[in-house]
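Here are my notes on this structure, in numbered points. Please read them with the coordinates open.

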Amino acid sequence: MVETQNIYKTKNLNPARRAMLLAALYIAQEQYGWLSPDAIQRVADRLDLTPGQVFSTASFYTMFRLAPLGTFHIQVCEGLSCYLVGGAEPLIDYIVKKMNIKPGETTPDGKFTLEVVQCLAACDLAPALKVNDELYERLTPEKIDQLIDFLAVKD
Amino acid sequence: MFEPILTQNIHRPDSEKIATYLAHGGYQAARKALTKHSPEDLIEIVKKSGLRGRGGAGFPAGTKWGFLPKDPDIPKIVAVNTDEGEPGTFKDRQIVECDPHQIIEGVIIASYAIGANRAYVYIRGEFFLGVKRWIKAIADAYENGYLGKDILGTGFNLDMSVHRGAGAYICGEETAMLESLEGKPGNPRRKPPYPAQVGLFGLPTLVHNIETLACIPHIVNRGPEWFANIGTEQSKGPKIFSVSGHVNRPGNYELPLGTPLKEIIYEHAGGIRNKRNLKAIIPGGASTPVLTADQIDTPMSFEDLEKSGSQLGTGAIIVMDETTCMVEAARRLTKFFAHESCGRCVPCRIGSQRLYETLDRIENARGRLDDLSKVEELAQGIDGLTFCPMGAALVNPARSTIAKFRADYEYHIQNKRCPSPA
């Protein structure tokens, strides 16, 4: 899992409570799987903020999830450097066909969510995608087959 | 042959560990700075070195240090920008993953020079390995007495912590990063006041990109004259160039500022793939204007790229061969900016979307003859009319490709298809 600083440790370092909000949202997201209205409320209570303040920050950043995600979150880069070497649409279309879901959707068994993302700062390893916090590089349709087949039998 | 400085350790085994760093002269510069130099000396040394910021704007670092108030009773902050998101750029990822102590040493020296006792690191949320490396490196620096109370017995205190962003390109802009560190949405602030006066939590703040900070220990160790001898008249020192796109060996190459594009692309990055011809180069990341193949002799320096109508930006070189459709390249980059607009200023929020729609229409065979003048009209309504530099940046792909590859656009509009073989 993602390493996140302990919320109580950061408390002593930050002069403003609101400054803990991003760290707190990461922790809540790890515990709940996504930032449900309940999770937002609990973060707000903990930091003495209004749910509106918490939601305003949570909804600004793409890595905070306001809906549940699949077990494996596949994020395919559509940046220029990936596109130039055969990535972006050709790979996205390939995954869409193979998994029968569109970008933004989750498979009915809740296993995979597909998302198209912007530059992953891996242009030297293009075409690239991420599954959860793992980067996969220099992709080809064959590599994608191997990866998805491997994840399909993994928990 | 230029000997790498910033990347000298990255190929060693366990390069990210403090033991490796110490075994190769690590933290000697911090010791020297804190025991042998006054803060004023250090500001002078950095000014003399000619170091300019590596995050895109190229502001002289020493001058920036001099902007912070001298009053010792005012608490000051150093904010470390690891929010690398400019498409084409992947140098900061490598520095923080492979040699984080070099940056910490730069932060210690900078903090001592401006009188800051608190440093905040902001790192792009997607850099999972980078976050781990930052946390470990800071913990080890504390353990070895380079951070915390009474550093190296000098009485100087410095605390440092890591804060993760969460997927917003705009947080690489310094004031948006400060907002994000305060727990808010990353909307850039209006300047002035500049962060050196009113920064994080309202305190004077020095914001630097990590490649800038990584230069500091070497300047202190080897002297400002050594640094100023590398590079050109107005662009001093080494620079990490990220090369991607249609080259045989994409990657990071550390070379002196002022190295010609041609040398970087053909000698270091192995030339164009499949022996094709070069068509276009974006020299400094997605937001810098495109160059044509005949501009390949341009030296990669602040002043020469400005003369050629572009910018050094982050030094991220995206190489495109003759099969590339420039309408598609501009469409894709503009889509990125439309997606990443923070939404605060109308020209950027609405303008980027309209600009993308117009390019998308041209690319997808629905272009109209007046679309090119429409793009220019939109660009004029965005450029320079926003709080932050994103407005000026986002018009560059469309504007520069129309100026330099107008034939690609006209072919698309007249023939309803792409001039390049897919």
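1. Start with one helix pair in chain B. Helices α5(B) and α7(B) cross in a left-handed sense. A crossing is left-handed if the near helix is turned anticlockwise from the far one by less than a right angle, and right-handed if clockwise. Helix α5 covers residues 91-98 of chain B and helix α7 covers residues 128-143 of chain B; they pack at about 40 degrees, with axes 8 Å apart. Axes are lines fitted to C-alpha atoms, for helices over the stretch in contact, and angles run from 0 to 180 degrees between N-to-C directions. That angle makes α5(B) oblique to α7(B). Angles under 35 degrees count as roughly parallel, over 145 as roughly antiparallel, 65 to 115 as roughly perpendicular and the rest as oblique.

2. A word on the model and its labels. The model is predicted: local features need pLDDT of at least 70, side-chain atom pairs count only at pLDDT 80 or more, and totals for chains, interfaces and linings use all residues. Residues are numbered from 1 along each chain as its sequence is written, while chains are lettered from A and ligands numbered from 1 in the order in which they are written. Helices (H or I, at least four residues) and strands (E, at least two) are DSSP runs, numbered from the N terminus.

3. Which residues make the contact between α5(B) and α7(B)? From α5(B) come B:Arg93, B:Val96 and B:Glu97; from α7(B) come B:Leu129, B:Gly130, B:Arg133 and B:Trp134. Contact is judged on C-beta atoms placed from the backbone, which must lie within 7 Å. By class, the residues of this contact are three nonpolar, one polar and three charged. Ala, Val, Leu, Ile, Met, Phe, Trp, Tyr, Cys and Pro count as nonpolar, Asp, Glu, Lys and Arg as charged, and the others, Gly among them, as polar.

4. The axes of α13 (residues 326-340) and α17 (residues 396-404) of chain B come within 8 Å and cross at roughly 165 degrees. The two helices are therefore roughly antiparallel to each other. The crossing of α13(B) past α17(B) is left-handed. Helix α13(B) brings B:Met326, B:Ala329, B:Ala330, B:Leu333 and B:Thr334 to the contact, and α17(B) brings B:Pro397, B:Ala398 and B:Thr401. This contact has six nonpolar, two polar and no charged residues.

5. Domains of chain B. The assignment gives domain 1 (18-228), domain 2 (238-321) and domain 3 (326-415). Such bounds come from an automatic or database domain assignment. The centres of domain 1 and domain 2 of chain B, taken over C-alpha atoms, are 27 Å apart. Their contact takes 13 residues from domain 1 of chain B and 15 residues from domain 2 of chain B. On the domain 1 side, the residues divide into two nonpolar, six polar and five charged.

6. The sheet in chain B. Five strands form an open sheet in the order β3-β4-β2-β1-β5 (chain B), with mixed pairing. Strands pair if DSSP finds at least two bridges between them. At the edges stand β3 (148-151) and β5 of chain B, each with a single partner strand, so one side of each is left without a neighbour in the sheet. The twist averages 25 degrees from one strand to the next. Strand β3(B) runs antiparallel to β4 (residues 156-164) of chain B, joined by two bridges. B:Ile151 has B:Phe156 as its bridge partner in β4(B).

7. Domains and sheet in chain A. Domain 1 spans 7-58 and domain 2 spans 72-152 in the assignment for chain A. Their centres, over C-alpha atoms, are separated by 30 Å. An open sheet of four strands has the order β2-β1-β3-β4 (chain A), again with mixed pairing. Its edge strands are β2 (112-117) and β4 (134-136) of chain A, each pairing on one side only. The twist averages 20 degrees from one strand to the next. Strand β1 (residues 72-77) of chain A runs parallel to β2(A), with six bridges between them. A:Cys77 stands opposite A:Val117 in β2(A).

8. Backbone points to check. A cis peptide bond joins A:Ala126 and A:Pro127, with omega about -10 degrees. A:Pro127 is in the loop between β2 and β3 (129-131) of chain A. Another cis peptide bond joins B:Lys191 and B:Pro192, with omega about -10 degrees. B:Pro192 lies in the loop between α8 (174-181) and β5 (205-209) of chain B. A:Ala88 has phi near 60 degrees, a positive value in a residue other than glycine. A:Ala88 sits in the loop between α5 (80-84) and α6 (89-99) of chain A.

How values were computed. Contact = placed C-beta atoms within 7 Å.
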